[in-house]
Amino acid sequence: MREVATRINVPFLDLSEQHRRIAPAIKAAIDEVISRSQFILGPAVEQFEKAFAEYNGVDHCVALNNGTTALQLALHACDIGPGDEVITTPHTWISTTWAISYVGAKPVYVDIDPESYNMDPKLVQQAITPRTKRFCRSIYMGRHASWLRSSRLPIKMASF
Ligand SMILES: Cc1ncc(COP(=O)(O)O)c(C=O)c1O
């Protein structure tokens, strides 16, 4: 009997498939903003903030320009500034480090756990100094469950 090898190409991440399902709503919303030509704040942002606050069951939501600013704002909210240390991972997008340095604090890196690729909680423990204010993790590829189970750290996570 002859064997036939079939090659199947499974995309690692297909964002266009996710977009296809909601494309008409997104296009209509973008058309509305362009026809108003109000690109800063305005009714679209107000509407988004209200809907997002409702979705999360909170009183308020503040829309920001990007994720880096959101990280920076969260660090400010945790009262982190010059002279403070924030433990984090280099195995992520640089925004985490940028946000820590934008508030004047010092990023302190710890290595990752080879199983989860997330920050190793044991190393976080060892990196704590009297200047440590928070740790700031970045969840790698959604692999956070084991990390949460294994970490019992004496410092708080930056709340984002
Ligand atoms: C882990 C992580 N944090 C923060 C950001 C910040 O994103 P933005 O480009 O919106 O500032 C990114 C963007 O890729 C990211 O991957």
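Visitor: Where is leucine 41 found?

Guide: Leucine 41 lies in the loop between α1 and α2. Helices here are DSSP runs of H or I with at least four residues, strands are E runs of at least two, and both are numbered from the N terminus. Two notes on the model come next. It is predicted: local features need pLDDT of at least 70, side-chain atom pairs count only at pLDDT 80 or more, and totals for chains, interfaces and linings use all residues. Residue numbers start from 1 along each chain, as its sequence is written.

Visitor: What is the phi of leucine 41?

Guide: Its phi is positive, about 55°, although leucine 41 is not a glycine. Serine 37 also has a positive phi of about 55°, and serine 37 is not a glycine either. Find serine 37 in the loop between α1 (15–36) and α2 (43–56).

Visitor: Is leucine 41 buried or exposed?

Guide: Count neighbours. A residue is buried if 20 or more other C-beta atoms lie within 10 Å of its own, exposed if 12 or fewer, and partly exposed in between, with C-beta atoms placed from the backbone. Leucine 41 has 10 other C-beta atoms within 10 Å, so it is exposed. Serine 37 has 7, so serine 37 is exposed too.

Visitor: Which class does glutamate 32 fall into, with 13 C-beta neighbours inside 10 Å?

Guide: With that count, glutamate 32 is partly exposed. Its place is helix α1. In sequence, glutamate 32 and alanine 44 are 12 residues apart, and their C-alpha atoms are 8.7 Å apart in space.

Visitor: How many helices and strands does the protein have?

Guide: There are six helices and three strands. Read from the N terminus, the order is α-α-α-β-α-β-α-β-α. Of the 160 residues in the protein, 17% are buried.

Visitor: At what angle do α3 and α4 pack?

Guide: Axes are lines fitted to C-alpha atoms, for helices over the stretch in contact, and angles run from 0 to 180 degrees between N-to-C directions. For α3 and α4 the angle is about 45°, and the axes are 8 Å apart. The two helices are therefore oblique to each other. The cut-offs are under 35 degrees for roughly parallel, over 145 for roughly antiparallel, 65 to 115 for roughly perpendicular, and oblique for the rest.

Visitor: Which residues make the contact?

Guide: Two residues are in contact if their C-beta atoms, placed from the backbone, lie within 7 Å. From α3 come Gly67, Thr68, Leu71, Gln72 and Leu75, while α4 brings Ser95, Thr96, Trp98, Ala99, Ile100 and Tyr102. By class, this contact has six nonpolar, five polar and no charged residues. Ala, Val, Leu, Ile, Met, Phe, Trp, Tyr, Cys and Pro count as nonpolar, Asp, Glu, Lys and Arg as charged, and the others, Gly among them, as polar.

Visitor: Is leucine 71 buried or exposed?

Guide: Leucine 71 counts as buried, because it has 23 C-beta neighbours inside 10 Å. It belongs to helix α3. For the protein, residues 24 or more positions apart account for 51% of the contacts with a separation of 6 or more.

Visitor: Which residues are around the ligand?

Guide: A residue is near a molecule if its C-beta atom, placed from the backbone, lies within 6 Å of it. Around the ligand are Asn66, Gly67, Thr68, Thr92, Trp93, Ser95, Thr96 and Ser138. The shell has one nonpolar, seven polar and no charged residues.

Visitor: Where is serine 116?

Guide: Look in the loop between β2 (106–109) and α5 (121–127). Serine 116 has 18 other C-beta atoms within 10 Å, so it is partly exposed. Methionine 141 is 25 residues from serine 116 in sequence and 9.0 Å from it in space, C-alpha to C-alpha.
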